[in-house]
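This briefing goes through the interfaces of one model, chain by chain and domain by domain. Please look at the entry below before reading on.

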Amino acid sequence: MEQGVGARLLRKEDDRYLRGRGQYVADIKLPGTREVAFLRSPLAHARIGDIDIPEDFANRVFTARDLKGVTPIRAVSALPGFKPSDQPPLAEGKVRQVGEPIAMCLGDTRAEAEDVAAAVMVDFEELPAVHDMLQARRPGAALVHEEWGDNVFLETFVDDDIDAAAAKAAVKVTREYRTARQCMAPIEGRAVLAYWDSRMEVLTVYTSTQMPHIVRTGLSECLGLSEENIRVIPPDVGGGFGYKGILLAEEVCLCWLAMQTGHPVRWIEDRREHLTASANCREHHYRITAYADSNGKLLALDAEATVDSGAYSAYPFSACLEAAQVASILPGPYDFEAYRCRTYSVATNKCPILPFRGVARTGVCFAMELTLDAIARELGIEPAEVRLANLVKPGQMPFDNITKKHFDSGDYPEALRRAVAAVDIPAWRKRQAEGEKDGRLIGIGMSIFCEQGAHGTSVYAGWGIPMVPGHEQAGVRMTPDGGLEIRVGVHSHGQSMETTLAQVAHEVLGIDTARIKIVHGDTGLTPYSTGTWGSRSMVMAGGGVATACEQLGDRIKAIAAHLLQAKPEDLRIAGGQVFSGDSSIALNDIARLWYRKPQDLPPDVDTSGLEVTAGYKPKRDSGTFSYAAHAAVIALDPELGDTEILDYVIVEDGGVLVNPMVVDGQVHGGTVQGIGTALYEEMPFDESGQPLASTLADYILPGAAEMPDIRIEHMETPSPYTRFGVKGIGESGAIGPPAAIANAINDALRPLGAEVTDTPMTPRRVLEAIAKAKGTEGEGGQA
Amino acid sequence: MKPAPFEYARAGSIKEASELLARDDITARILAGGQSLGPMLNLRLAQPDLLVDITGIPDLVAAERDGDSLYLGACVSHANVEDGRIPDVTNGALAEVARGIAYRAVRNRGTIGGSLAHCDPAADWPCVLPALGARAVVQGANDKREVAVEELMQAPFEPGLEPGEILAGLRIPAMSPDARWGYYKYCRKTGEFAEAIAAVAWDPARGFARIVIGALDTLPIVLGDNERLFGDTPERKPFDTYRPEEADRMLTDAGVRDPLKRQVHMVALRRALEFASA
Amino acid sequence: MKKISLTVNGQSVTADIPARTQLADFLRDNQLLTGTHIGCEHGICGACTVMIDGAPARSCITYAVACEGAEVTTVEGLDDDPIAEELRRAFQEQHGLQCGYCTPGMMVTARDIVRRFPDADETRIRHELSGNLCRCTGYVGIVRAIRQVIEARRRNGASDGFTARSELGPVGSGHAAANAAEAVAKPAEAVKPVATKARKSAASGDKAASGPRPLNEMQRSLRISGPREQVWEQFEDIAALARCMPGAHVSEIDEAGRMIGVMRVKFGPISAAFDGEADNERVEDAYRGKLFGTGRDQRTGTRVTAEVDYALHEADGGGATDVAISVRYGLSGALAQFARGGLVEDFADRLAQQFAGNLERMLSGEQPATGDGDAGNAGNDVNAVSLVLGVLGARLRRFFNRLLGRG
């Protein structure tokens, strides 16, 4: 059976999960472990007064006062004008968001730890809260960080002259858009188990993270403990999506406590904490004016974007990554001449914002694609035509766009044409015109975008945040019986890397994937890596594994050359054998010889052995650009405002696919998350900064019953810069759906003259849009 | 989150449960299926001293045809109803409604009496049972009374039970073979809290007609036998003289000031009526 | 601690556990069966789904003590189950899992779907899966896997002769004898941690200025017989005013005239005791003033702020007084953080109306209907039943009047 790059290999990791034998942090039992519950702020903004700890619990409650020698989490950016925020692991002086940890409480069980937390009393002097990013920018707004003088982490400008281009426009559309604040909601929340290993003198931290090496660096900075004395181990991790790409205040606290008490301590985030206290994502506001000629060709784009970054700059991505990305990728896959964009990263009394799958691209795609549809409606032409008039053409590739993004390869118009063909737009237009028996309205919408993945040193060095990715290393080691161990510093938590990286190794060395073991994440065992984020692991770690396997192959050949009496360069490795013409020797024989019968090796053998760590970086580090066109057909109930997805098609180009089954799975999962953004997910706040969803009955995640079966077509344009021509694709699915579905809804609403502009497009928002169009909105409406 | 400490008692009889619930030195709550109480306990919103588990009381898991009605013990589960383990006297209405409650894993433990006594306005049984003209059988340590279910529910989450009283069961009138019913529940997501619920029943042979509008911030609105809403002769198709403006006014009176919310409730009602008329 | 005995994956087990132990925690911590995962602890995500008496149930909102004598099967107990084996193969072939966290609950639910619906189509499968959330796969692979197993079984004529459970009542129940006696011996209060020091106030510092901005508002106007000057005097007695608030209990009035006390409310299964303080700021010449109170409920971690503005106007040529009151309140903390805030608002509106009604009675020289000033124990919590009868009863009467053609 095919096992190499391109094979639909079934996953090596499945069996343990299917039998309930995965090992997540909460499943790990260490003798003497005590549980931690955090006492958290019920208020969004307040000065902390007395903290009253019952005497019985005096040695079980820890506050900022106890955390001596622990420094605040500080995620800065080198971008000019950035204002840093210090985030104390336990609140000091004041709290700046609901859920901010104030005290750490110990118990033998979680329930007992919660009993302790419930008995601690805190006096607060409540302060006016900043609950809205646009209000936060106004003069006179309450200040999240008083010393700043305003609430803006960072302001950026792209200030091209657009006036000349705009003056030629036949059409000008202006829109405002909002994307709601979301929670990423992996089904496993965060979890930390820390203990001091007195034999190794190492602080050992099991944590549910996507970036163990970065967490180690962050812990080292906050705890003043050198990195060789810290080992971070992510065991099985129940989904990440960006939520686990952060150094947590709780991680710092637990590590301090483990060193302080000498016994293991554990904290398992519960759903309430996830929803109300931990990092959020996605909250953007856009004001966009687009200028186009009579064919829909864009002439200029003028934009202002605001990102609600929450109370603190999260480590390592910082409070400005999202908005900085908005400015650089708003032009999307389009080619036009004049661009102006101003962005604001704004502090509010809400949870810090983190990059969620797709990062800023989901919001950017929403804003840009709705604007293009608005142009299409204005000009009365099919939305696909407007896009085709603007997309970068295959002959232009590789292409440097207006913000100097370097699109590596692909045929964007072809992806769109295929998507249009796949949903059969003429047939739907006919049905739309005939009308549905049940009174529902048919709508067809599309979106197209490109996704920069695996972007590296040059991109991140410019942002100057605490983490800049460089070369990616992988370690490979042949075992004495001919198996292969691979060590990578990225972490797999659903991405299937225990399978796909084995496929890469198989591609190079031909070893049966059943004999390849992937060790990932553990900082004690794996090479340094910035971790799993930004659709980078297959490109970077895959490249690292291939490079290391090639070097291992050279060493194997050197030994085999002796045994086969041939020149190394005349040998080839395939199917677990080294061949010289017709004669061959098995890899496991070579391994056995090397490890167990060195007496049979030639005296002048290369002493390096069957273990290699090698590094990799693509030929350009500006990133791969996968791209996709999404097309959605919906039926909208104009009486209830409810949207049903009737068909959903994606034409996707992720370069060469290592495992098409896994890629489909990533796209499916991302797409449903994107549908969540489009129709369901929203963390609302009241004016005092209270989050208004603390259970999954309040925060609605997409369920099986409402989700469509998703159709995917692939194009496979290799990236010219990466090993095997792969491109990063993990985030792609989550980018396109809000735009495609919004455009479909607006297509359906067109006869009513209504238009939606905000996510999620809840029944309520749809009904409001209809009412607004009818001019009947009014009396006491509320979201 | 984990619950605050509580004690647990499994009552062997209604009398035993009743005595525990009547105690005034502790806060005791009935545990029927616990599918609504469980989340509140885990979130520490509810912190009773004692849970009185009544699911082991034999009288409460009975289901029998009793003359012109069906008697259901309070602890019959939604899944029992869904699976047809009880006699069907409502032309399939009860089973159909049960099928749409939350999720199967919840229906296997959640109970009809527990749900009614929880009086959540967005839940199914508090809307459907009044539409069917069901009566609640309430039992204390010594006495027993029957009351219309809509009168049992006194406010959201507040059943009209005196200390020591238990909702023991439900008496559901048998529908005539040609009776019609309709149910429309609108949820943003399958199994979640309803945005709108309408339940209607029309049984000309018994001269019975009901409309219930639920999923409000207050208790369901229960309307019966009103010519202005229902049409006046049995020969007519049910509800074809239904006057939406009356229902809209009633929603306004019930505190639904937002016109779009009223619209959603009205649509649900119309669709339930259409379902019954079809 | 409670002693429990039940069957887990075919083995009889006995353990001493606190009554509050979730079945999921019992399986994970006590039985070391960590395949059952916890994802929300409020019964929505489905990660903790196990079989109880052969049917799927949530182990997070089921307490272990309620499963005395029951048969519990976890994902670990499905190793040798033939349907589970088919499902495992199909899940692998259709890529029905990624991170694996929801997978054990999915397996239990999928097995139930295969057994109960041998003819299920995609719509049915998706509907039945709605109680199990997966954040990775978008459900595509899961639905296809279940479909694959159902279709293969249909082709092979395989059936395990599934019939629905015949016992009535919740799964897990009905296996054990009563145990009431033991529980009654000791009110649980004794084991609850209580604050060791009485608190003086919930919000320290500059009272009104330090409170959250109240968000909800209701207004009411009362006409009281008696001249304005007399009513104005009554408004000076902050303790009397406080007693109009249902469930309020005044423990102390300090030198500055600030009142310290507690307000107990009961909202279904939720009982809250708001410890707090209130102040009465009067603008003497203008015959208006403001009651300002803040309170905190330690149990649920909820804070409330309320303001009552009152203004007195002469009416009936001085023989009566019109009292305009406007009540605003804001909630923060656990009770505020729900999407169904309308229910809480409805409740709070009723409280505010009750306050106004009591105020009217007090000013007219009657006793407040509820809100015993010395109420100290649980039995005297403000019960919404008595509270709302007045308000809601009126609504119901209106409906029924209209209903009966008397409206």
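Which residue of chain A forms a salt bridge with B:Arg271, and how far apart are the closest N and O atoms? The partner is A:Asp637, with the closest N and O atoms 2.9 Å apart; a salt bridge here is a side-chain nitrogen of Lys or Arg within 4 Å of a carboxyl oxygen of Asp or Glu.

The model is predicted: local features need pLDDT of at least 70, side-chain atom pairs count only at pLDDT 80 or more, and totals for chains, interfaces and linings use all residues. Residues are numbered from 1 along each chain as its sequence is written, chains are lettered from A and ligands numbered from 1 in the order in which they are written, and side-chain values use heavy atoms, with hydrogens and water left out.

**Chain B against chain A**

- In this interface, 24 residues of chain B are in contact with 34 residues of chain A, where contact means heavy atoms within 4.5 Å.
- The two chains bury about 2300 Å² between them, and carbon and sulfur atoms account for 53% of it; buried area is the accessible area (1.4 Å probe) that two parts lose on being put together, summed over both.
- On the chain B side, B:Arg188, B:Lys189 and B:Leu260 lose the most area to chain A, together 29% of what that side buries.
- Between chain B and chain A there are six salt bridges.
- There are also 15 residue pairs in polar contact between them, both residues at pLDDT 80 or more. A polar contact is a pair of N or O atoms within 3.5 Å; within protein, one must be able to donate a hydrogen and the other to accept it, and residues adjacent in sequence count only if both atoms are side-chain atoms.
- Strand 11 (180-186) and helix 11 (259-277) of chain B each supply at least two residues of the side that touches chain A. Helix 11 of chain B gives the most, with eight residues. Helices (H or I, at least four residues) and strands (E, at least two) are DSSP runs, numbered from the N terminus.
- By class, this side of chain B has twelve nonpolar, two polar and ten charged residues. Ala, Val, Leu, Ile, Met, Phe, Trp, Tyr, Cys and Pro count as nonpolar, Asp, Glu, Lys and Arg as charged, and the others, Gly among them, as polar.

**Chain B against chain C**

- Here 90 residues of chain B are in contact with 84 residues of chain C.
- About 7200 Å² is buried between chain B and chain C, with 57% from carbon and sulfur atoms.
- B:Arg10, B:Leu45 and B:Arg109 supply 11% of the area that chain B buries against chain C, more than any other three residues.
- Four salt bridges are found across this interface. One pairs C:Asp25 with B:Lys2, with the closest N and O atoms 2.7 Å apart.
- The interface of chain B and chain C also has 22 residue pairs in polar contact, both at pLDDT 80 or more.
- Helix 2 (residues 37-42) of chain B provides the largest share of the side that touches chain C, six residues.
- That side of chain B divides into 44 nonpolar, 19 polar and 27 charged residues.

**Domains within chain B**

- Chain B is divided into domain 1 (7-53), domain 2 (61-173) and domain 3 (180-277), with bounds from an automatic or database domain assignment.
- The centres of domain 1 and domain 2 of chain B, taken over C-alpha atoms, are separated by 19 Å.
- Twelve residues of domain 1 of chain B contact 17 residues of domain 2 of chain B.
- These two domains of chain B bury about 1100 Å² between them, 67% of it from carbon and sulfur atoms. B:Ile14, B:Ala32 and B:Gln35 supply 40% of the area that domain 1 buries against domain 2, more than any other three residues.
- Between domain 1 and domain 2 of chain B the count is zero salt bridges, while two residue pairs are in polar contact (both at pLDDT 80 or more).

**Domains within chain C**

- The domain assignment of chain C gives domain 1 (2-77), domain 2 (80-156) and domain 3 (207-403).
- The centres of domain 1 and domain 2 of chain C, taken over C-alpha atoms, are 22 Å apart, and the contact takes 15 residues from domain 1 and 13 residues from domain 2.
- Domain 1 and domain 2 of chain C bury about 1100 Å², 58% of it from carbon and sulfur atoms.
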